[in-house]
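Welcome! Please take a look at it before reading on.

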Amino acid sequence: MAAILPGRAVLAASGPTRFAWAQLKYAGSWNPNTRAAARFVEMIERRTSIEPMPEIATIVPGSEALFEYPFLCISGRAVFPRLDSAAADMIRRYVERGGFVFVDDSTGIPDSGFFEGAAAFFGSLFPGRKISPLQSDHTLYQSFYLIREIPGRKVVRPFMFGMDMDDTTPLIICQNDLLGAFDGDASGYTHQCEPGGERQREMSFRMGINIVMYALTGNYKKEQAHIPFILKRRKGIQGAP
Amino acid sequence: MIPLRELVFLNADPAWMLAAGLVAIISLASGFLASRGIDPRKRFALFLLRFAALAFVLAVVLRPAEKEDISRAKRPPLAVIVDTSKSMAANSPSLAEAARSSPSLADTARSSPSLADAARGWLESHKPEFERLSRYYRPVFLRVDESPREISGPELSQIDAFSGSSTPLSRSLEAVGKSYPGLAAAILVSDGRDTVNPGSQPPSMAFPVYPVAFSERKQPNDVWIETVDTPPVAFIRTPVDIQVRVGASGFGGRNVTARVCDADGNVLKSAAARLEATGETAITLSFTPNRTGRKAYSVDVTTFPGEASAANNSAQFGLNVVRDKTRVLLVAGSPTWDVKFLRRRLAQDPGIDLITFLILRTPMDMTLVPQNEMSLIPFPTKELFSEELPTFDVVIFDDFNFGPYVPVQYLENVAAFVKNSGGGFAMIGGERSFAGGGYGNTPIAGILPLSIGPSAPGAKSFEPADVHAALTSSGAAHPIFQWIPDKLENRMFFESLPGMTGMNRFLTARPEAVVLAEDTKNGAPLAAVMETGSGRSMAVTTDSLWRWTLPYGGPVGGQGGEGVYRDFWTRAIRWLVHDPEMEQVKCSIPEENVRAGARARMECRVLDRSYQPVGGAKLRGVLSGSGKPVELRWIEKEAGLYEAKMPMFSSPGIGRVMVDVESGGMSVGHDEMEFTVAPESDELMRLGVDRKYLDALAAASGGRVFEAEDASVLKALEETGKADTEIIGSRTDEIWPFWRYLIPAIALFSADWWLRRRWR
């Protein structure tokens with residue numbers, strides 16, 4: 001079952017074929033930064049050519065609706081949810097067929113129970129695949145912005161974790177409470193970003209946009225690096241980006 | 001039958017023999033003792049006399065006889081196989097006929113006896129040996145050329161027709177083995193030239209093969225093309241290497257030049273090499289095909305004066321020239337799920353070289369960040385749509401609004417790329433496609449299968465509603481959507497696929513377009529294709545095809561979901577680039593190969609734009625290569641399948657057929673193909689004995705090659721035959737009748753008695 005949370009109605013709804021932020025709604029603290037996603041989606045729409053669905057979709061574990069949203073966020077401030085085997089198997093198939101999962105650990109604690117639980121869960125779903133820190137040259141850090149520092153509400157780890165499959169990384173795990181940096185309303189943000197303050201918040205938005213852009217474009221930016229070689233004799237460059 | 005004799009006793013009871021022996025010894029001893037006092041010489045004479053008398057008595061008692069075993073040879077079949085193909089007659093008057101088509105053969109034909117002559121002579125001179133062998137074997141005389149045939153013994157040495165046009169030697173030997181179970185051995189008189197599988201390893205046989213070598217014969221002086229090794233496919237605009245293996249006899253050390261020519265006789269490449277004295281000389285020729293399709297080429301090597309045959313200095317080969325990779329340019333107006341999954345699919349296809357340009361930020365988006373902190377690059381429109389456009393095979397606009405980025409003149413380039421250069425173009429739906437992208441009055445509108453109509457005031461050009469998609473009758477049979485051959489089942493399958501959302505509006509199919517899928521609610525086209533100039537275009541009016549690849553379950557669950565989406569895009573790209581397998585008009589030759597002097601047919605399958613058979617079509621096919629170009633006469637064998645008889649080719653070479661098809665006054669399509677015309681027979685392509693093959697054949701079967709004058713093999717076969725006999729019975733005859741022993745015994749005993757009395 002999927003539900004739609006109220007968000008900013010900027011564009012007319014055109015069904016979920018466009019990018020939509022979908023979040024796993026499990027029993028427990030599934031949405032610790034309640035206004036973060038909507039605010040972030042607004043930022044995506046403002047800064048990029050992506051025209052996201054303004055509504056935030058929630059996916060109940062085990063719901064077939066998961067397959068209508070190729071992007072899924074799992075967030076939490078306590079322990080990682082215990083999913084039954086049917087729900088877990090559904091997530092495994094979802095990832096194998098092209099779905100993308102972003103896990104945001106909102107605890108702000110190194111090696112928290114939430115992070116350990118997420119690593120154990122995906123480790124058991126994909127035996128033999130490693131969840132490891134992403135190297136600084138990963139496409140994620142250059143899919144839209146050039147990212148050199150890994151931000152969030154807190155800087156628990158100076159890198160993101162990921163799990164590779166073929167030539168992409170369909171699972172990204174952030175330990176820095178990225179959504180915590182976005183949470184707030186028109187009157188201001190809910191949390192301070194530590195230790196970098198507003199610069200760190202801006203970097204968090206950039207990182208978030210890079211994550212969504214990576215989910216949508218994969219290794220596009222890496223391929224682009226080779227295009228000058230492919231398009232020999234490239235001379236003047238015209239037009240917009 | 002072979003009798004074997006031995007001595008036996010009819011009364012051979014051991015008790016009797018013991019008793020008789022004892023009586024004889026006692027009698028001899030008592031006679032000797034009783035003669036004491038007699039002169040020793042006379043005494044010895046008496047002993048001998050008694051001994052002789054007793055010997056006859058023993059013969060009377062034991063009855064010696066002669067036993068005769070009757071044995072019989074098993075006489076397994078022994079094959080004497082004579083190769084009666086044309087190549088055996090090379091260098092002989094009987095070659096005269098073959099030499100007519102190859103004048104250079106005539107001189108050598110007159111000069112020396114052929115292998116056939118040598119074979120005749122050998123068979124004639126070994127008649128006595130065959131006679132002897134027939135005691136132990138059942139000789140089977142066979143001539144082999146196209147197939148093995150049994151002949152009688154007397155015919156063997158009188159074979160005069162060495163005229164077989166092919167020699168499937170290995171196959172024939174296997175057939176002989178099957179036809180004569182228990183075959184003891186085969187004596188083979190052949191040059192070892194298997195013309196059906198040249199160069200192949202001989203099979204192992206269940207019987208030993210003893211090929212006769214005629215080593216004293218000089219191999220004919222000749223240079224020939226042994227094989228032309230080509231890759232299974234060649235790629236357009238990519239150099240391809242072919243290896244010409246040249247055999248030579250009598251021309252070792254000479255320089256030879258090899259050339260490869262196209263069907264028009266244009267030399268594409270030549271290379272020289274020094275000929276090996278023995279064995280083969282490999283020459284590699286590299287050339288670059290510049291057209292796709294079924295192409296034929298010829299190769300020739302230098303012809304030296306005095307060569308036994310010039311016919312084997314050239315050869316033809318066919319090559320299927322395909323695209324190396326289909327180069328696809330994907331331009332998308334925004335990173336969407338449709339783009340993500342399309343990119344993922346195309347990137348996974350090893351046959352596709354994908355270049356993508358995504359608009360990640362529009363001029364309307366906020367720019368709060370310095371450029372050096374962003375990874376964005378300018379859109380290289382000039383390079384893509386002007387300089388490099390001809391290097392692509394397909395261009396896809398996916399939800400792309402050209403306005404802010406691409407000048408209209410570049411859209412003209414895209415249209416020309418499709419219409420004039422045979423490129424493929426696809427537009428995928430979305431808010432920025434078709435009317436939403438402002439394409440209504442652009443050159444792109446001219447190549448789209450859908451007309452962009454005026455939109456209603458205030459109406460959106462992209463409707464975000466659910467699509468009730470269904471295949472049209474044409475779509476159900478079109479290769480792009482053909483997952484299941486049965487049209488009805490295919491349509492049902494399509495309708496079972498995950499649903500789509502969002503569709504472009506104000507579009508109608510152009511008369512020349514074929515609508516493949518539509519929204520059943522309002523009949524709006526969902527997918528359509530069109531031939532436009534020499535290129536092709538496709539329109540998909542939704543941006544949610546990606547849903548096929550991420551299904552939860554249903555009929556396309558599991559790998560099926562991925563497969564449906566993959567198949568759709570693979571076929572769509574292939575159709576857009578005129579993949580020969582997807583052409584509406586397709587020629588083929590039903591015969592395995594076309595030979596000079598033999599009739600062959602040409603078939604042509606004709607399908608309409610919906611890939612339905614076209615009956616009553618008008619075909620115009622011109623055949624060239626057999627002399628003056630001739631027009632083929634077609635008959636319709638079945639709906640959509642046409643056949644024409646090709647005129648006979650008088651000589652080996654290359655043929656070319658170009659077919660144009662019309663139906664109802666409209667052009668349906670065109671196809672052309674080149675094909676090789678092989679010599680009437682491969683017999684004269686290789687002359688002389690292939691000793692390597694004969695050695696390998698003998699080794700693989702457990703036999704050995706023997707020289708014509710070496711009689712040891714035939715003798716060994718005779719000995720083996722002798723040893724391999726079976727006893728079928730016996731006969732026993734008494735040597736003498738009873739009285740013939742008794743009378744001498746009585747006479748000798750009487751003499752013994754009389755002399756004892758006298759000498760005492």
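## How to read this report

Helices (H or I, at least four residues) and strands (E, at least two) are DSSP runs, numbered from the N terminus. This is a predicted model, in which local features need pLDDT of at least 70 and side-chain atom pairs count only at pLDDT 80 or more, while totals for chains, interfaces and linings use all residues. Residues are numbered from 1 along each chain as its sequence is written, chains are lettered from A and ligands numbered from 1 in the order in which they are written, and side-chain values use heavy atoms, with hydrogens and water left out.

## A residue in helix 9 of chain B

Let us begin with B:V339, which lies in helix 9 of chain B, residues 337–348. Is B:V339 buried or exposed? B:V339 has a relative accessible area of 0% and is buried (buried means under 20% relative accessible area, exposed over 50%, partly exposed in between, with a 1.4 Å probe and protein chains only).

Setting aside neighbours within four places in sequence, B:V339 is in contact with B:L330, B:A332, B:S334, B:L358 and B:D398; contact means heavy atoms within 4.5 Å. From B:V339 to B:D733 there are 394 residues in sequence and 107 Å in space, C-alpha to C-alpha.

## The domains of chain B

Chain B is divided into domain 1 (2–72 + 732–759), domain 2 (77–219 + 689–723), domain 3 (222–322), domain 4 (326–576) and domain 5 (582–678). These bounds come from an automatic or database domain assignment. Taken over C-alpha atoms, the centres of domain 1 and domain 5 of chain B are separated by 103 Å.

## Strands side by side in chain B

Three strands of chain B form an open sheet in the order 8-10-13, with antiparallel pairing; two strands pair if DSSP finds at least two bridges between them. Strand 8 (222–229) and strand 13 (280–287) of chain B stand at the edges with a single partner strand each, so one side of each has no neighbour in the sheet. From one strand to the next, the twist averages 25° (axes are lines fitted to C-alpha atoms, for helices over the stretch in contact, and angles run from 0 to 180 degrees between N-to-C directions). Strand 10 (residues 240–249) of chain B runs antiparallel to strand 13 of chain B, and eight bridges join them. B:V240 has B:F287 of strand 13 of chain B opposite it.

Now turn to strand 14 of chain B (residues 293–301), where eight of nine residues are buried. Strand 14 of chain B pairs in the antiparallel sense with strand 11 (residues 255–261) of chain B over four bridges. There, B:D300 in strand 14 of chain B is the bridge partner of B:R259. Strand 14 of chain B also pairs with strand 15 (residues 314–322) of chain B, again antiparallel, over eight bridges, and B:V299 has B:A315 in strand 15 of chain B as its bridge partner.

## Chain A at a glance

Chain A has six helices and ten strands. Of its 241 residues, 58% are buried. Among contacts in chain A between residues at least 6 apart in sequence, 78% join residues at least 24 apart.

For B:C604, the nearest is that of B:C587, 3.9 Å away. A:C174 is buried, with a relative accessible area of 0%, and B:C604 is buried with a value of 0% too.

Technical notes:
Disulfide = S-S within 2.5 Å.
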